[in-house]
Amino acid sequence: MDSLLTSHQREKLEAWLRYYNDLNLGEFYSDRRSMGKRIVKPRAAEAAAASVSVAVAAKPVPQPAPVPVPALPIVNAPSMFEVLDRIEGDTLELTREQLGECTRCKLHKTRNKIVFGAGNPRAELIFVGEGPGHDEDVQGLPFVGRAGKLLTQMIEAMGLSRDDVYIANVVKCRPPENRKPEEDEVATCSPYLFRQIDAIAPKAIVCLGATAAQALLKIQEPISRYRGSWFDYRNTKLMATYHPAYLLRNPAAKADVWKDLQKVMGLLGLQVKKNSKG
Ligand code: URA
């Protein structure tokens, strides 16, 4: 399988398999992998007992015969290539539809609205935040609170509007008390973010804060060590910078973020205004 797929396709396939797992279709698919004559192996304890007696008696001991079980019916099982075709044709609408009124992780219990993401479905630039806060949870839109207003100013300083870019989060439901999303919540929700990114296929992704960078790059270092550097991510350039909420607490870091955003502007071919400040 490795030699048939590019690493990009493999990542997409993995994201989809995680997604099917969420829907509890994993069993369904693994049953179908062993279609035809399914063989039930002797239980481990029986097999171990048999091998011990082989060693002691030094003569062959009859192994329990495999028990054939009837084949399951094949119901339009897609081939790997059909699955890949579907992945290639994935859209934001389909991803939203399949997310549904999600209850896959515990965040659904306390959320008000799912915050799927907003902006241009053909954006060249995606911003990825951590997760909705209070205002986002009320409105169902990303980055509409205080940090969101600052993000809007940052986008406009780049010569863009919010409608030019796409904005999404690692988790789509507000974590209680605005705590960081937990590992299981990120693992459950991030396949939908991967699908959003793949469907949009932007030229650049900007991770706002360490949670987004960790979810996409699986990086554990402090963000100060890698912010402003370009990474290759699924055929796209990715950069992390400080989260706008951090900038509200530490305005001095705005200068660093502005430097980072200027690099993004360079990649996208946007004009950097001579006397513009962060
Ligand atoms: N912070 C985030 O990370 N995302 C939002 O949507 C709002 C605040």
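I began with α8, which bends by about 35° at Cys189; I took the bend as the angle between axes fitted to the seven residues ending at a residue and the seven starting there. A proline, Pro191, follows within four residues.

The model is predicted, so I noted that local features need pLDDT of at least 70 and side-chain atom pairs pLDDT 80 or more, while totals for chains, interfaces and linings use all residues. Residues are numbered from 1 along each chain as its sequence is written, and side-chain values use heavy atoms, with hydrogens and water left out.

I read α8 as residues 183–200, 18 residues in all; helices are DSSP runs of H or I, at least four residues, numbered from the N terminus. Its first and last C-alpha atoms are 25 Å apart, close to the expected 26 Å (1.5 Å times one less than the number of residues). Ala201 follows α8 and has a positive phi, near 50°.

I checked burial next: 14 of the 18 residues of α8 are buried (under 20% relative accessible area, 1.4 Å probe, protein chains only).

The largest nonpolar core has 59 residues, and Leu125, Phe127, Met158 and Leu216 have the most contacts inside it. Its largest share, seven residues, comes from α8. I defined such a core as buried Ala, Val, Leu, Ile, Met, Phe, Trp, Tyr and Cys residues joined through side-chain atoms within 4.5 Å.

At the ligand, I found a backbone N or O atom of Glu130 2.7 Å from a ligand oxygen atom. A side-chain N or O atom of Asn169 lies 2.8 Å from a ligand nitrogen atom, and one of His243 lies 2.8 Å from a ligand oxygen atom.

How values were computed
Helices (H or I, at least four residues) and strands (E, at least two) are DSSP runs, numbered from the N terminus. Buried means under 20% relative accessible area, exposed over 50%, partly exposed in between (1.4 Å probe, protein chains only). A polar contact is a pair of N or O atoms within 3.5 Å; within protein, one must be able to donate a hydrogen and the other to accept it, and residues adjacent in sequence count only if both atoms are side-chain atoms.
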